[in-house]
Amino acid sequence: MTKRGSLLVDDEIAPQEGGDERIAELEARLAQAEAALHTSNFKLRIALDVARLGAWERNLKTDEIIGTAAFKEYLGLAPEATLTYADLQAMFHPSDLDRINQAIAYALRTKTDFNIEYRVLRPDGSIGHVHMRGGIIYEDGQPARFAGVLQDIRERQKIREEMGQAQRRQEFLLKLNDQLSNFDDPHRVMEVAARNVSNFLKVDTAGYGEVYEDRGVIIVEREWSRGLISNEGKVEKIDQHASPVIEALKRGQPAIINDVRTDPRLGDPAAQAFYNTINVRSGFAIPIHKHGRFIAEFYVYSSSPRDWTSDEISLVEDVAERTWLAIEKIRAETKLRETEALFKLIAESLPALVWIIKPNLELTYTNERWVTYSGLPPQDALGLSWTAAIHPDDWAKMTEEIKPVIAGETTYTTEARYRSADGEYRWHIIRAAPVRNAATGEFKGWVGTSVDIHDLKMTEEALRTSEERLSLAQSAAGIGVFDWHVPSDTITWTVEQERLFGMEPGSFKGSSSDWAERIIPEDREYAIQAIADALARHDKDIDFIFRIQRPDGIRTMQTIALFFYQADGSPLRMVGVDIDITHYKEAENRQNLLIRELHHRVKNTLATVQAIVGSTARTASSIDEFYQGFVGRIVSLARTHNLLTEDLWQKADLEVLVQTELGPYEDEARNRITIMGPHLELPSEAAVPIGMAIHELTTNAAKHGALSTFGGQVEVRWEILGDERPMLHFSWEEHGGPHVSAPGRQGFGTRLLQRVLSTQLQAEVSMEFPQEGLRFSMRMPIPNDPPPFNPDG
């Protein structure tokens with residue numbers, strides 16, 4: 001005021017020194033200042049509006065607060081409302097009051113501005129979030145007024161809360177992921193996921209259920225309820241009263257219920273009763289669909305109404321997917337472990353080398369059998385070690401064979417010799433199958449086995465040799481086999497049959513007329529009529545003799561055959577043998593005495609052959625099977641006869657009978673066949689059936705039993721018991737071969753072993769079929785010695 005007063009004094013004196021001009025200048029300057037102030041106030045108002053700031057001022061003497069309309073709006077007040085600082089303090093949120101007072105006290109003490117965010121309680125009951133910034137105006141060194149601006153930060157706070165919620169959600173999901181990844185039990189995954197979701201969303205119940213549409217149920221293995229222990233084994237029917245919810249889930253949509261009592265989908269009293277029973281007022285379920293199928297659900301329930309937010313639903317969707325993935329991962333890993341364990345168990349149990357190789361033929365896995373067989377240390381048994389163990393000749397063949405296999409990524413089967421740890425090469429059959437990635441189809445290599453077939457090949461070689469010998473024996477003995485198909489008049493001859501008739505192999509035309517042309521005219525009509533009469537009588541078999549014309553002269557033939565008829569009784573087949581008996585006829589003239597002695601024995605022998613033909617043909621399913629079975633039995637009979645004729649048809653050694661049949665199957669180590677028993681010479685009437693029985697047992701063992709595989713063994717033992725009437729106890733036991741079981745039908749061998757021995761020798765026969773191998777035993781009285789044969793008597 002003093003300064004302004006001095007100006008007035010100067011102005012009063014000024015007229016004397018040009019005062020009018022000075023006043024005019026001052027008035028102009030005042031007008032400019034007022035215009036600048038008006039412009040500044042306008043800019044300030046625009047800035048406050050743009051920044052959405054409310055200006056305020058507090059008089060410290062009166063505690064009155066004045067403020068702009070925006071300031072009052074942010075406090076929830078009307079523009080005309082009056083306000084004191086006490087009124088403002090009453091609007092501060094109680095939790096923020098101390099912090100606000102501390103900020104103001106600090107500003108007064110340090111003479112600085114204050115800057116603070118806090119909450120206000122609006123008259124309508126809502127809570128506002130504001131940001132206040134201001135300072136202190138001093139007069140004469142003393143604080144006179146507070147002035148500043150107020151900003152509504154509801155949107156900023158909402159963003160902060162959303163960011164905080166997103167961060168908490170992310171932290172929740174990361175923590176859940178860590179938890180679920182540590183479990184190896186699907187039920188534990190379900191339980192932990194349900195509990196964590198319940199706690200995070202503050203709901204009463206949460207659970208994970210798997211859908212079994214074929215059974216019409218949803219099985220909830222684990223459900224978590226607040227304050228209760230986990231529920232196990234809950235089953236919900238898909239067609240229950242909550243069907244509107246289930247239908248939504250089937251369509252792949254979340255089923256959301258904010259209030260059970262007001263939801264129009266659940267107006268049915270039964271549905272209301274259902275939810276009332278389980279104490280549910282609100283909730284939602286998230287479906288899990290895979291490959292177009294509804295397979296699981298994740299649900300949350302609350303006992304009070306609740307408006308579910310999209311964030312909450314999105315969170316449960318995320319948890320549901322993570323839960324399903326964790327469960328599937330555990331199940332896949334469990335299945336993989338089980339598969340690997342099963343594969344290893346099988347691989348280590350198989351009597352074979354089991355291996356896996358990559359496309360470049362490197363060995364990546366093998367069972368322990370390869371380590372033992374090769375003698376290589378485990379660390380050296382992989383890679384390409386196997387190629388060095390293959391016989392060089394076989395490897396040269398395999399390298400060519402596998403080229404198209406590698407190119408086509410196909411299966412492969414071959415036979416090759418592997419070198420063992422002791423340097424021996426043994427035959428193996430190699431079978432390989434391609435391996436591909438189940439998901440991508442990528443070719444990964446081959447898995448295969450190498451099975452030792454060395455002993456089987458040796459047995460097959462022995463069997464081939466035996467069959468060759470049999471063929472030679474047939475040829476030498478003058479025996480041929482034929483099969484006549486009557487309706488088509490087609491006859492099949494073996495090579496021995498053609499040779500028997502003096503024909504080149506393959507030259508027989510295959511008809512009855514071609515056969516009849518070979519018979520001499522004197523016997524032709526008789527032979528044809530004998531067959532016709534037998535067929536007319538529906539005979540089962542036939543035995544007749546005729547003569548044929550061969551380039552080397554006339555030969556006498558004996559035909560022994562079986563007849564087969566169709567359902568209507570018409571003839572179907574005639575199967576039999578032709579035997580060259582010319583030498584018997586010739587011997588008849590030279591050795592009358594011997595013929596008289598052998599007359600009875602030959603009749604028995606022919607009867608046996610006839611029985612062989614009949615039984616073999618009845619049980620044979622093909623001509624080859626008939627041929628193999630019949631010829632084998634005839635040769636066995638011939639061997640026994642040979643032994644008997646060496647002793648003038650008196651006796652045959654039992655050990656020689658057994659050794660004759662089993663000898664070809666013994667191996668170099670001589671540990672496959674065991675023959676033990678005292679010396680026993682059997683009379684001819686016992687030697688023939690026993691010799692054929694041993695042949696049947698041997699043939700069966702070679703084809704189906706212990707002699708058909710590596711490691712199989714046969715033990716033949718006998719003993720003689722009793723004083724007044726000696727008894728033969730004979731046993732045959734097989735082991736180490738394929739598992740056996742009782743045959744479904746009775747063949748010739750079984751009938752021979754069980755019937756012929758019992759009938760002709762009064763033997764007690766027992767046959768058992770345990771899995772480890774056939775067991776045959778026989779107990780019979782030993783026949784008395786025959787009277788000495790005297791060819792001169």
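Start with the buried residues of helix 13: D394, M398, I402 and V405. Buried means under 20% relative accessible area, with a 1.4 Å probe and protein chains only. Helices here are DSSP runs of H or I with at least four residues, strands are E runs of at least two, and both are numbered from the N terminus.

A word on the model. It is predicted, so local features need pLDDT of at least 70, side-chain atom pairs count only at pLDDT 80 or more, and totals for chains, interfaces and linings use all residues. Residues are numbered from 1 along each chain as its sequence is written, and side-chain values use heavy atoms, without hydrogens and water.

Back to helix 13. Its buried residues pack against helix 12, strand 15, strand 16 and strand 17; contact means heavy atoms within 4.5 Å. Helix 13 bends by about 35° at I402, and P404 follows within four residues. That bend is the angle between axes fitted to the seven residues ending there and the seven starting there. Just after helix 13, E409 takes a positive phi of about 55°.

Six strands form an open sheet, order 3-2-1-6-5-4, with antiparallel pairing. Two strands pair if DSSP finds at least two bridges between them. The edges are strand 3 and strand 4, each pairing on one side only. Eight bridges join strand 4 to strand 5. Which residue in strand 5 is the bridge partner of E117? H131 is.

Methods
Buried < 20%, exposed > 50% of the residue type's maximum accessible area, 1.4 Å probe, protein only.
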